[in-house]
Amino acid sequence: MNPEYVKIRKKAAARGKYAPLHRYLAALTEDSWRASFRQVEEILNFPLPDSARLYPAWWSNGGVHSHALAWVAAGFRVRPKMDHEAVVFERCDAAETAAAASSPRFDLDREWPALPGNPWPAGFTGSREQMYEDEGR
């Protein structure tokens, strides 16, 4: 990956709206940190958007949004625990951090897995992928 690109992304993370979270994670000496959404909000000094509580995809490790850039540029990945309104930040190795920072690809199955217990209506033959294509996403 282009070192200049990495430097620019780190500067953006350090100056953006989610910079307090970036600074907090960059200063951590532990390899992981489990935080409630409330703890993250206290560090940020503003509430998380509703989508952070509703959609696991908000917590994507792709690094394409300013909030994801905050943890990716600090060398972390996240695992949301939506049922507990919590998230686990885990330190990445340098190669994994570089790959996450350079890959804005969205993986539907990884970021928004299908949940058991919600079957499609009888006779429905579509797929999540087809619905996204139909909507132009």
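Q: Which exposed residues sit on the face of helix 3 turned away from its buried side?
A: Arg38 and Glu42 are the exposed residues on that face. Bear in mind that this is a predicted model.

Q: And which residues of helix 3 are buried?
A: Phe37, Val40, Glu41 and Leu44. Viewed down the helix axis, these buried residues fall within an arc of 100 degrees, so they line one face of helix 3.

Q: What do the buried residues of helix 3 pack against?
A: Their partners are helix 2, strand 1, helix 4 (50–54) and strand 3.

Q: What follows helix 3?
A: Asn45 does, and its phi is positive, near 70 degrees.

Q: Which side chains form salt bridges with Glu41?
A: Arg38 is one of them, with the closest N and O atoms 3.7 Å apart. Arg38 and Glu41 are 3 residues apart in helix 3, which puts about one helical turn between them. Arg53 also meets Glu41 in a salt bridge, at 2.9 Å from N to O.

Q: Is Arg53 buried or partly exposed?
A: Partly exposed, with a relative accessible area of 27%.

Q: How many salt bridges are there in total?
A: The count comes to 7. Another one pairs Arg77 with Glu90, at 3.2 Å from N to O. Arg77 lies in strand 2 and Glu90 in strand 3, so the pair ties together parts 13 residues apart in sequence. Arg77 is partly exposed at 25% relative accessible area, while Glu90 is buried at 16%.

Q: Where does Glu85 sit?
A: Glu85 belongs to the hairpin of strand 2 and strand 3, which has 4 residues between the strands, and takes a positive phi near 45 degrees. Those two strands run antiparallel and are joined by 6 bridges. Within that pairing, Pro80 has Val87 of strand 3 as its bridge partner.

Q: Changing topic: how many residues are in the largest nonpolar core?
A: It has 24 residues, and those with the most contacts inside it include Leu21, Val40, Trp59, Trp71 and Phe89. Helix 2, helix 3 and strand 3 are among the elements giving two or more residues to it. The largest share, 4 residues, comes from helix 5.

Q: What does Trp71 touch?
A: Beyond four places in sequence, its contacts include Leu21, Leu25, Trp58, Phe76, Val78 and Phe89.

Q: Where is Trp58, then?
A: Trp58 is in the loop between helix 4 and helix 5. With 11% relative accessibility it counts as buried. Outside its sequence neighbours, Trp58 is in contact with Tyr18, Leu48, Pro49, Ser51, Ala52, His67 and Trp71.

Q: Last one: how many helices and strands does the chain have?
A: There are 8 helices and 3 strands, in the order α-α-β-α-α-α-β-β-α-α-α from the N terminus. Of the 137 residues, 34% count as buried.

How values were computed: Residues are numbered from 1 along each chain as its sequence is written. This is a predicted model: local features need pLDDT of at least 70, side-chain atom pairs count only at pLDDT 80 or more; totals for chains, interfaces and linings use all residues. Side-chain values use heavy atoms; hydrogens and water are left out. A nonpolar core is a set of buried Ala, Val, Leu, Ile, Met, Phe, Trp, Tyr and Cys residues joined through side-chain atoms within 4.5 Å. Buried means under 20% relative accessible area, exposed over 50%, partly exposed in between (1.4 Å probe, protein chains only). Contact means heavy atoms within 4.5 Å. The arc is that of the directions from the helix axis to the C-beta atoms. Two strands pair if DSSP finds at least two bridges between them. A salt bridge is a side-chain nitrogen of Lys or Arg within 4 Å of a carboxyl oxygen of Asp or Glu.
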